[in-house]
Amino acid sequence: MSYGLLVADVRRNVFEERNFDLLGFCSLLGVDPYILLPEGDYAINPSHFKKIIKVGLQEEEFLNPLNMAHVVERAIQEFGNPYAVILSSSSSGMEIAPYVAGYFKVPIITDVSNYDGESKIFYKSYYSDKVLGHFKVEDGNFFVVTVRSGSFKAQAKEKYGDVEYVTINVEKKTEKRSFLGYIEEERQEVDITKADFLISIGRGVGSKDEIPAYEELASLLKATLSASRPVTDKQWLPKERQVGTSGKTVKPKVYLAMGISGAFQHIAGMRDSECIIAVNKDPEAPIFQYAHYGIVGDMHKLRDKLREILKG
Amino acid sequence: MKILVFVKRVAAAQEEELKIIKDGEDIDLSKLPFKMNDWDSYAIEEAIRIVEKAGGQVAAISIGDRESDDVLRRSIAMGAKEGFLLNRDKPIIDPVLRAKLAFNFIKGENVNFDVIFTGVQAEDDQFGVFGGYLAALLGLPYASMVVRIEDLGEGYMVVRRELEGGLIERIKVSTPCILSIQTGINEPRYVSIMGIRKASQVERKVYEASLYMEGLFSGIELLKWSYPPKKEGAKLLPGDMDAACKELLNILREKGVYQ
Amino acid sequence: MGPLEIKRVFSCIQCGKCTGSCPESGRTPLNVRILVRRSQLGHGIDNSHLWYCTSCGTCTLRCPRDVKPSELIFSIRGLLVESGEISLSVQKALENTFLQKNPWGRARTKRAEWVSKAGLDVKHIKEVSEKRLLLSCCVHAYDPRCSVIPVNISRILGRCGVEFGILGEEEACCGNEIRRLGERGLFEELQEENTSNFRKYGIREIIALSPHCMNAISKEYGSVDFKVYHYTEVLWMMIKEGQLRIEKEYKKRVIYHDPCFLGKQNGIFEEPRNILKSISGLELIEFSRSRENSLCCEGGGGRMFYEVGTNYERNAKIRVNEAFERKAEVIAVSCPFCLMTLEEQAVEKGIEVKDISEILMEVI
């Protein structure tokens, strides 16, 4: 009976939420989940897995694609070929997956956002989600797959009361790539193009005096403040915060546009944001055409309510 | 230092609503302008900057049809010394097939290099597979999402990788190696139209891809295209401020920007 | 510098008329006279100064020695473009224009979306027997605020039975600002493509909605065998000949702003005014600086696509303040760049900025 070999998405001792997508996907494939974990303690619920395979490698060595190829090799020696090696579409998964696939010269499909177990069709988005490709993976030894975060976690179920713990070791650790250290981004000069979450202030803010409260909100939400041109022109926020054609182009995970009408010079600077949330008093404001979510209302009131909830 | 950079010509589909035609068999790209894959221009720019500082040369390779000459000319206009086209009229869907083709070409033509750069992914298929797979085939060390090349030493490079949440990882990779370059590593220089015209004077060698694809077959098969489930304009959150805020925080949690 | 340029530069007698007329001088570091002087002496210049120029052309128009200082600025900008020493926003504008034929990089396939969005029945020029082309600026094509202008003109022409067509997705940037930004190669590409299309469809007449497009095609595209008009010329003719009837009143105090590319550079001052004067109830007043002396709105020369370093009081603000002092209710414009730069400032003073076509739509 084949199994799904999950490569745990971990970083700095955190067992990421994204791992539930691996589980859900494995469930759709109809095989039992065996998960590879490095040394160290991770907050996992064992009843999700059929086998928990502890690998004799430190976390950073584990995440080294060159080592992971050997880890998978060891796992195959122990447990036979998996049905698939499953990873996250994350900074670790995206790097490891193609290397491991190339090492074994097996097929690979990435960023899968849907799967039909009956027809065995994998759905993968093209052109930034504009179209969906329907794929079949050729039969072979096994294949490698990365799954899009959020797409499969609903299918993750607790099933196993009798989870088995195994340990494997790799003899050869690579010397061709080694981990040196982590750097936290120093926030001296704010680079809004690097922020994951932007709260962007538009002309609707009305006055410079309202800005500090938005700074507080941004701080509470661990977001970065950006702005549209009317605000930076007045120097209520520095020019480096400006989003738009004559400012910066940003692509954060979340773009919360507050009091921004949606003039196209602004839109051009943020329309590729993953999730655009617009707040504006005017229900006809053009920004609502580009946003994923909208709140028709007073931006100050929303700001204050959010601060209340976050501080309370 | 000799840096090989793989560059891809892609359709500029940012604002388009793509049309699926022939009953799901194809996407209509006929009206779209084409350009160099965003990630690849960062890769070329980075390679050029390295050789401008440390000496050496950059060679650009593209796998695609004859029109891919555009991206080779652009690479040359940016400073690459040479350009090669692995010509193939029909696009190769499977990145594994492209990696195997590149492997055969490199081995078959004895292509010299110290480092290979690719972009992290292509704007069209967004597979992000080519660089890593090729690295494994060639037995070379690999790193992706490279946002800074800190140090070039004798037989190694120290690079920075961009992880989630602004965290950066520093690693040491021995050369020769393959790096997949992330956007934002630099600011690709402007290439004027006259610059591109001048680049036409440099020979871009064309090889027939089929000569290096004997016996190769795809690992994945594209059956058809379809549209993803439709999203309606902005989904308006409840009018009540309280409810709207709570819903907003949920969305933020779901997107992973707020815990 | 080419021989012609050198000759021009050395004709300069340093009279200072250029700097005296420059809308940027005194408030930004740009000093045209000194620029020419330093070019004569072969001294270096501060490249950043060049980007303040709005290409209003006043310096070239006033120069008694035909030095054409604005052209000198464009040439030097050209050198910077070739060496890539340009700001990121200028770079993006040029790259976008190369790719999608408009400086914002908006999809070319959506160039004529204003037609379907307004539910109009405007045809491609190839389907129309009278080869009269309505040409929209990139701003008209893509900015929601300005897209009402081609819609208005289409309606007006249609109502008066004037046949016309558009290029639709084949419409491309005219290149007026592109040349002024220094990207000579890209300007030539645009010129070639546009000229080829005009020829292909046998265009006999072009009605340009933007003075910038009118300027580029009539003066900088080489010899063309068709007529190029700004829409105000055409509409005034139609009003004069009774084809276009003004039925209603417009009871507002309106101040007219001469765009640089319509007014001082192409001598079209009266037609827009005549249109406004023919509307009953409309009280037309003038700015202190009007006609040839009109104050540049600072939208031209590429200034729409990038930000300059210094913070100083923008001409648009000065203009709006004057309109406010003169108790104008509406600032009438006939150029999309003027519309956008003035409206941005006017909104705070409660003054409306309207394109002439918008005023007309309310009275016909």
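Colleague: Which residues have the most contacts inside the largest nonpolar core?

Modeller: This is a predicted model, to start with. In the largest nonpolar core, of 263 residues, those with the most contacts are A:Leu36, A:Ile86, A:Val100, B:Val5 and C:Ile331. Helix H4 (residues 93-104) of chain A gives the most to this core, namely eight residues.

Colleague: What makes A:Leu36 a member of a nonpolar core?

Modeller: A core member has to be a buried residue of a nonpolar kind such as Leu, joined to others through C-beta atoms within 7 Å. A:Leu36 belongs to the core, so it has 20 or more other C-beta atoms within 10 Å of its own.

Colleague: Which residues is A:Leu36 in contact with, leaving aside neighbours within four places in sequence?

Modeller: With that exclusion, they are A:Leu5, A:Leu6, A:Val7, A:Ala8, A:Ile53, A:Val55, A:Val71 and A:Ala75. There is also a second, separate core of 19 residues, which includes C:Leu30, C:Val32, C:Leu50 and C:Leu72.

Colleague: On to the contact between chains A and B. How many residues does each chain bring?

Modeller: Chain A brings 71 residues and chain B brings 66. Strand E12 (residues 177-184) of chain A supplies the largest share of chain A's side, eight residues. By class, that side of chain A holds 38 nonpolar, 15 polar and 18 charged residues.

Colleague: Why are E12(A) and E11(B) called paired strands?

Modeller: Pairing asks for at least two bridges. Seven bridges join E12(A) to strand E11 (residues 167-174) of chain B, so the two strands pair. They run antiparallel, and in E11(B) the bridge partner of A:Glu184 is B:Leu167.

Colleague: Where are the domains of chain A?

Modeller: The domain assignment gives domain 1 (3-168) and domain 2 (192-311) for chain A, with C-alpha centres 37 Å apart. Chain B is divided into domain 1 (2-212) and domain 2 (232-259), and 39 Å separate their C-alpha centres.

Colleague: How many helices and strands does chain B have, by the way?

Modeller: Chain B has six helices and 15 strands, and its C-alpha atoms fill a box of roughly 65 × 45 × 40 Å along the principal axes.

Colleague: What percentage of the residues in chain B are buried?

Modeller: Of the 259 residues in chain B, 47% are buried. As for contacts in chain B between residues at least 6 apart in sequence, 69% join residues at least 24 apart.

How values were computed: Residues are numbered from 1 along each chain as its sequence is written. Chains are lettered from A and ligands numbered from 1 in the order in which they are written. This is a predicted model: local features need pLDDT of at least 70, side-chain atom pairs count only at pLDDT 80 or more; totals for chains, interfaces and linings use all residues. Two residues are in contact if their C-beta atoms, placed from the backbone, lie within 7 Å. Helices (H or I, at least four residues) and strands (E, at least two) are DSSP runs, numbered from the N terminus. Ala, Val, Leu, Ile, Met, Phe, Trp, Tyr, Cys and Pro count as nonpolar, Asp, Glu, Lys and Arg as charged, and the others, Gly among them, as polar. Domain bounds come from an automatic or database domain assignment. A residue is buried if 20 or more other C-beta atoms lie within 10 Å of its own, exposed if 12 or fewer, and partly exposed in between; C-beta atoms are placed from the backbone.
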